[in-house]
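Welcome, and thank you for opening the viewer. Please load the model and get ready to select things one by one as we go.

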Amino acid sequence: MVEFDWLFFFEVLIGGLLSGVMYSLVAIGFVLIYKTSGVLNFAQGAMLLFAALTFVSLVERAVPFALALAITFVLMVAIGIAIERVVLRPLTNRSPMTLFMATLGLSYIIEGAAQLIWGTQVHGLDLGIEDIPFDFGGIFISQFDLFAAAVAASMVVLLSIFFRYTRVGLAFRAVADDQFAALAIGLRLPWIWATVWAAAGLVALVAGLLWGARLGVQFSLSLVVLKALPVLVLGGFDSIPGAIVGGLLIGAAEKLAEVYIGEYVGGGIESWFAYVVALAFLLVHPSGLFGQKLVERV
Amino acid sequence: MTAIASEFSSSHRIPGWLPPVLLLGVAYLIVPFIGTSYLFEAILLPFLALSLAGVGLNILTGYAGQVSLGSAAFLAVGAFAAYNFNLRVEGLPLIGSIILAGLAAAAIGIVFGLPSLRLKGFYLAVSTLAAQFFVQWALTKFSWFSNDSASGVIDAPALSIAGIAFNGAVGRYLFSLTVVTLLTFLAYRLVSSQSGRNFIAVRDNETAARIIGVPVLKTKLLAFAISSFIIGVAGVLWAFAYLRTVEPAGFNLDRSFQILFIIIIGGLASIRGAFFGAALLVILPLALSRLGSFLLGDVFNSGVLDMSQRIVLGALIILFLILEPDGLVSLWDRIRKRSAAVFGRM
Amino acid sequence: MTIFNKLKVAAIAAGLSLAIALPAAHADEQYFPLQSYRVGPYAAGGTGFFGGFIDYLNLINTRDGGVNGVKLTWSEGETQYEVERGVEVYERLKNNPGVAAWNPLSVGIAYAMIDRITQDKVPLITINHGRTDSTDGRVFPYVFPLLLNPYSETSGIVNYIASKEGGLENLKGKKLVVLYHGSPYGKETIPIYELLAKKYGFELQQIEVPHPGNEQQAQWLTIRRAKPDYVVLRGWGVMNPVALKSAAKVGFPVDHIVGNVWSNSEEDAIPAGEAAKGYTAITTQASGAEYPVVKEIIKTLYDNGKGNLEDKSRIGSVYHNLGIVNGILNVEAIRIAQEKFGKRTLTGDEVRWGFEHLQLDPARVEALGAKGLFHSINVTWDNHEGNGYVTFQQWDGKKWNVVSDWIAPDWTLLRPIIEKSAEAYAAEKGIKLRTSEQAEAATN
C-alpha cells in the first residue's frame with residue numbers, strides 16, 4: 001500500500017474550499033431575491049454575464065477602471081429595479097413556478113441584449129491580480145483565489161451590516177420573516193423589493209468580475225449558476241450563512257471526489273456529484289444545514 | 001383550478017369526443033396528402049414528440065404537483081434504451097423496444113423521484129437536476145450505450161411495425177401520430193381515474209390527502225414512473241422519428257426548460273395544454289426568424305436579427321405568463337365560449 | 001435615416017428582391033445554404049467561420065464575376081449550434097435551386113444530415129471535424145471531412161511532440177496527459193492515443209473535464225501530481241482558457257501544453273490573458289492577414305464596407321481564415337467539376353464529383369493566393385479527407401506565430417482503422433461499398 005499523500009490531499013481540499021467560495025458568491029445573489037420575493041431567479045447568471053460584459057467592454061473602450069465599475073453598478077441597479085417593476089410586479093401572487101419561468105424568459109432577454117449591445121466576442125478580463133501560486137510548505141495556493149475569497153468574505157460582512165443596522169435592512173428582514181405582517185405595519189414592499197434587486201445586481205457585478213477573470217468574459221459565464229444550485233439545495237434558498245457553508249462543503253467535496261473517486265469511474269463526475277452530495281445530506285438531515293423549515297413547504 | 005374544471009365541462013351542442021376525432025381525421029386523412037417535407041420534418045415531427053413529452057411532464061407537474069427540471073434526461077434514457085434494446089435483443093419487434101424503453105425511463109424516474117418523498121417545491125426541482133446531469137454524464141461516459149461508436153452519436157434504425165415500414169417523412173409522421181394518440185388517450189383515462197384524483201389530492205394538500213387515505217408516497221412515485229414512461233417514449237420519437245440520430249448533448253438542460261415552458265404556457269393540469277404549448281414553442285421561434293429575416297434581413301446582419309429574436313422570444317414568454325395565467329388552454333376556452341355565445345344568439 | 005424609414009426601405013427591398021429573384025433563378029447560379037450560428041455559446045466561432053466563408057464567396061463574385069461566370073449565392077439560417085434548428089434550416093433551404101454543398105461546422109448537425117444529404121445527393125463538408133470514418137468514400141459518398149479528421153489530428157500532434165523531443169524514438173518513456181472535453185467529441189480520440197502510446201512507448205493518462213469546463217482545479221492538481229512531459233488540450237469553448245489559467249495556477253509550464261484543432265483560436269487564448277503566453281496549438285490553416293488572398297479580401301470587400309465581419313480586428317483570425325480556406329475548397333471543387341460537366345449550374349452530385357477530384361498541390365495553392373495559409377489537399381473518390389498537412393502556432397500574448405514546418409500525420413497507420421470502422425457502419429446499415437466506377441458517374 002502506497003503511503004497516503006497528505007500534502008496533496010490538503011492541496012485538493014484547500015483548492016476545493018476556495019472554489020467553493022466562488023460558488024457561494026453566485027448563490028448569495030439567489031438567496032437575496034428568494035428571501036424577499038420567493039423567486040428562484042434563474043436570470044442571475046444572465047445578470048452576471050451582462051455585468052461582466054458591460055464592464056469589460058467599457059474598459060476596452062478606454063473608460064477608467066473606477067468609472068467603468070461605477071457605470072456598470074448604476075446600470076445593474078437600474079436593471080434590477082426594472083425587472084422588479086416590469087416583470088415581477090405584474091406577477092405578484094402567482095405560483096413560484098410561474099415566477100421561475102418568468103426569470104427564464106428574462107435570462108433570454110438579458111443575454112440577448114448583452115450580446116446585441118457588446119457583440120459575441122470573447123474578452124479577457126484582467127483585474128490586475130497576478131495568478132501566480134503561493135507555495136505554503138509544498139502546498140500551492142492560488143493568489144487569485146485568495147483574493148476572491150477575501151472579496152466574497154467582505155461582501156458577506158457588508159451585506160450583514162447592511163441588513164442588521166440600516167432601516168432598509170431591518171425592513172428587509174421583516175419582509176423575509178413575514179410579508180403580511182410587514183405590510184400590516186406599513187412597510188412599503190415595492191421599495192424594499194427594488195432595494196433587494198439592486199443588491200442582487202451588485203452581487204452579480206462582483207461575481208461577474210471575479211468569474212469573468214477566471215473564465216474570460218463570454219456567453220458561458222451564465223452557466224455558473226449551475227454550480228450555485230446544489231449549494232442552494234444544501235444551504236437553503238433563504239440563508240446567507242447557508243450559502244457560504246454550503247459552497248465550501250460542495251466545493252471541497254466535489255474536488256476531493258473528482259480526484260479520489262473520479263479515477264475509478266472514469267472522471268468527469270463533478271457535473272452531478274455536487275447534487276448527489278446535497279441530496280444525500282438532505283436525506284440524512286432533512287432540515288438542511290441551518291435547520292431551514294422551508295424544505296417541507298411548497 | 002379553473003383549468004381542470006373546464007377540462008371536463010363540455011360544450012352543450014358539440015359532444016366532447018367530436019373535436020378530437022375530427023382533428024385526428026384531418027391529421028390522418030388530409031395532412032399526409034397535402035403536407036410538404038418541411039411541414040413534417042421541421043414542424044410536425046418535433047411538435048408531436050414535444051407534445052408527448054409535455055403530456056408526460058404535465059402528469060407529474062400539473063396533476064401531481066411535483067416539479068421536475070430533468071425531463072430531458074428521461075427523453076435521453078428513452079432514446080438510448082430503445083436504441084440498445086433494438087440493437088441487442090435479437091428479434092425484438094420495434095414496438096417491444098419502445099415499450100421497454102418507456103419502462104427503463106420509468107425505472108430511472110422512480111429512482112430520481114425518491115427525493116420527492118422528502119423534498120418539495122424548488123428543493124425538489126433543483127434535485128431533479130441530478131438526473132439531468134447524471135444521465136448525460138453516464139451516456140457519454142460509457143460508450144457501451146452508444147455501441148462504442150467513436151463519436152457517441154447513434155443512428156436510428158428503420159421504423160417498421162408488423163412488416164409495415166414507416167419510411168420517409170410522411171411515414172415517420174404517421175408513426176409518431178399513432179404513438180402520441182395512443183398514449184394521450186391513455187393519459188386522459190389515467191387523469192380521470194382514481195390515480196388521477198390521487199395525484200390532484202397530493203398536489204393540492206398533501207396532509208389532507210393522507211387523512212382521506214391516499215397513499216402519498218406510492219402516489220408520488222407512481223406519478224414519477226408514469227410521467228417518465230411517457231417522456232421516455234417521447235424520447236424515442238424524438239430520436240427515431242424526428243432527428244434520426246441522437247447524441248447525449250441534445251438532451252441538455254435547455255430541452256428540460258423547453259418542456260416545462262410547454263406545459264406552463266399551454267396550461268398546467270391539462271392534457272390539451274401540452275399540445276397548445278408545444279405548438280407555440282415550435283412555431284413561434286420559426287415564425288419570428290422568418291419574419292425577422294423577411295422584414296429586416298437587408299438592414300441588419302443575421303447576428304443582430306437572431307439576438308433580437310431571442311429578446312422578443314423572452315419578452316413574449318413573460319407577456320404570456322402575465323396575461324394568461326392559466327395558459328393557452330383557458331384562452332382557447334374563452335374564445336370558444338364567446339363564439340358559442342355569438343352563435344347561440346344567431 | 002430613421003428606423004421607420006429603414007423599415008420601409010427594407011420592406012420595399014424585400015418585396016422587390018422577391019419579385020426579381022424568381023426569374024433570376026434561371027441564370028447560372030450556384031447556391032450555398034448556410035447553417036450558421038451567430039448567437040449562443042459558440043457564436044464567436046460561428047461568426048468567424050461563416051464570415052470568412054461568405055467573404056471568400058463574395059470575393060469570387062466581385063473580383064471574378066463568379067466561377068467561370070456562374071454566380072455564387074447563399075443565404076443563412078441560424079442554428080445556435082443546435083441539431084434540431086440545423087435540421088429545420090436544412091429542410092427550409094434544401095429546395096432552393098442549385099445547391100452546391102452543405103457546410104454546417106457542427107458535428108451534431110452533420111450527423112443528423114448524413115442520411116438526408118445521401119438521399120438528396122448533395123455533398124456535406126465537415127472541414128477539420130466530423131466523423132472520422134466518413135473519410136472512407138466507399139461507404140460515405142457524400143460526406144467530406146476535408147483537410148483533417150480527428151485521427152489525423154491526433155497523429156499530427158504526437159508527431160509534433162516527437163519532433164520537439166528529437167524524433168519518434170525519443171517518445172519512449174515520456175509521459176503524456178490528454179485533457180479532454182466530456183462529450184462525444186472529446187472522447188473520440190481516446191483509442192487512437194492509446195494505440196499511439198503503445199506503438200511509440202510513451203506513458204499516457206487521459207483525463208476528462210465535465211462540460212462546460214469552467215472548473216478544472218481537480219484535474220490540474222491531478223496533472224501536477226502525475227508530472228507529465230506534455231499536456232494535450234482537447235477542449236471546446238470556455239474549457240480552453242480555463243485550462244490555461246488553471247495550469248498557471250498549479251505551476252504547469254504553458255509551453256508544454258499543446259492544443260488541438262478546436263482549442264487553437266484567438267477566442268481560446270485571449271480570455272486566459274498572461275497564462276496563455278507560450279501556448280502552442282495545431283492548425284491546418286495559419287492565422288494572419290499577410291496572405292495574398294486575405295489581402296485581396298480586405299482590399300475588395302472590407303475597404304468598400306462589404307466585409308462580413310463586424311469587428312475588423314478579427315480579419316485573419318483562426319476561424320476567419322478557416323472560413324476562407326473552406327471557401328477556397330468549395331469554390332475549387334465547383335471549378336474542377338465545371339471542367340468536366342460544363343460551365344453552368346451543377347447538380348449536387350456533380351459537385352460531389354468535383355470534391356472527389358479536389359487536388360490542389362502547393363503550386364495551385366500559391367496561385368490561389370493561399371501559400372502558407374494551408375499546404376495542399378488531395379481528395380480522391382475513396383479518401384475524402386485529402387491528406388491535409390498541419391502546422392503549429394504559438395500564442396505570444398497578442399497573436400499566433402507559426403513555430404513548425406508543415407507536418408504530415410501518419411495516414412498509412414490510420415487508414416486500416418478508418419476502413420474497419422467504416423465497413424462496420426456499412427454492415428450495420430446494409431450499405432454496399434461503392435466502387436471507383438460508380439464514383440466516376442455523376443447524375444444531373
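Where is the place of A:Ala62? Select A:Ala62 and you will find it in the loop between helix H2 (44-60) and helix H3 (65-88) of chain A. This is a predicted model, so please read every stop on the tour as a prediction. A:Ala62 has a positive phi of about 65 degrees although it is not a glycine. Most residues other than glycine have a negative phi. A:Ala62 counts as exposed, because there are 7 C-beta neighbours inside 10 Å.

**A second stop with positive phi**

Now select C:Asn128, in the loop between strand S3 (124-125) and strand S4 (143-144) of chain C. C:Asn128 is not a glycine either, and its phi is positive at about 65 degrees. Is C:Asn128 buried or exposed? C:Asn128 counts as buried, because 27 C-beta neighbours lie inside 10 Å.

**How confident is the model?**

Colour chain C by pLDDT. The average for chain C is 90, and 94% of its residues score at least 70. Then select residues 9-25 of chain C, where pLDDT stays under 50. For this stretch the model has 11 contacts beyond four places in sequence. The scores for the model are ipTM 0.87 and pTM 0.89.

**Where chain C meets chain B**

Show chains B and C together. Their contact takes 30 residues from chain B and 33 residues from chain C. On the side of chain C that touches chain B, the elements giving two or more residues are helix H1 (3-24), strand S2 (71-78), helix H3 (83-93), helix H4 (107-120) and helix H6 (184-187) of chain C. That side of chain C divides into 14 nonpolar, seven polar and 12 charged residues.

**Two domains in chain C**

Next, colour chain C by domain. The domain assignment gives domain 1 (29-148 + 288-378 + 419-440) and domain 2 (151-283 + 393-409). The centres of domain 1 and domain 2 of chain C, taken over C-alpha atoms, are separated by 28 Å. Where the two touch, 12 residues of domain 1 of chain C are in contact with 14 residues of domain 2 of chain C. Helix H2 (43-64) and helix H12 (318-341) of chain C are the elements that give two or more residues to the domain 1 side. The residues on that side of domain 1 are seven nonpolar, five polar and no charged.

**The sheet of seven strands**

Switch to a cartoon view of chain C and look for an open sheet of seven strands, in the order S6-S5-S7-S8-S9-S12-S13, with mixed pairing. Why is one side of strand S6 (203-209) and of strand S13 (400-402) of chain C left without a neighbour in the sheet? Both stand at the edges with a single partner strand each, so one side of each has no neighbour there. Ignoring direction, neighbouring strands of this sheet are turned by 25 degrees against each other on average.

Zoom in on strand S9 (residues 280-283) and strand S12 (residues 391-395) of chain C, which pair in the antiparallel sense over four bridges. Here C:Thr283 stands opposite C:Thr391 in S12(C).

**Last stop**

Finish at C:Pro212, in the loop between S6 and H8 of chain C. The peptide bond from C:His211 to C:Pro212 is cis, with omega near -5 degrees. Most peptide bonds are trans.

Terms used. Residues numbered from 1 in each chain as written. Chains lettered and ligands numbered in written order. Predicted model: local features only at pLDDT ≥ 70, side-chain atom pairs only at ≥ 80, totals over all residues. pLDDT = per-residue confidence, 0-100. Contact = placed C-beta atoms within 7 Å. Nonpolar A, V, L, I, M, F, W, Y, C, P; charged D, E, K, R; others polar. Pairing = 2+ DSSP bridges. Axes fitted to C-alpha atoms, helices over the stretch in contact; angles between N-to-C directions. Buried ≥ 20, exposed ≤ 12 C-beta atoms within 10 Å, placed from the backbone. Domains from an automatic or database assignment.
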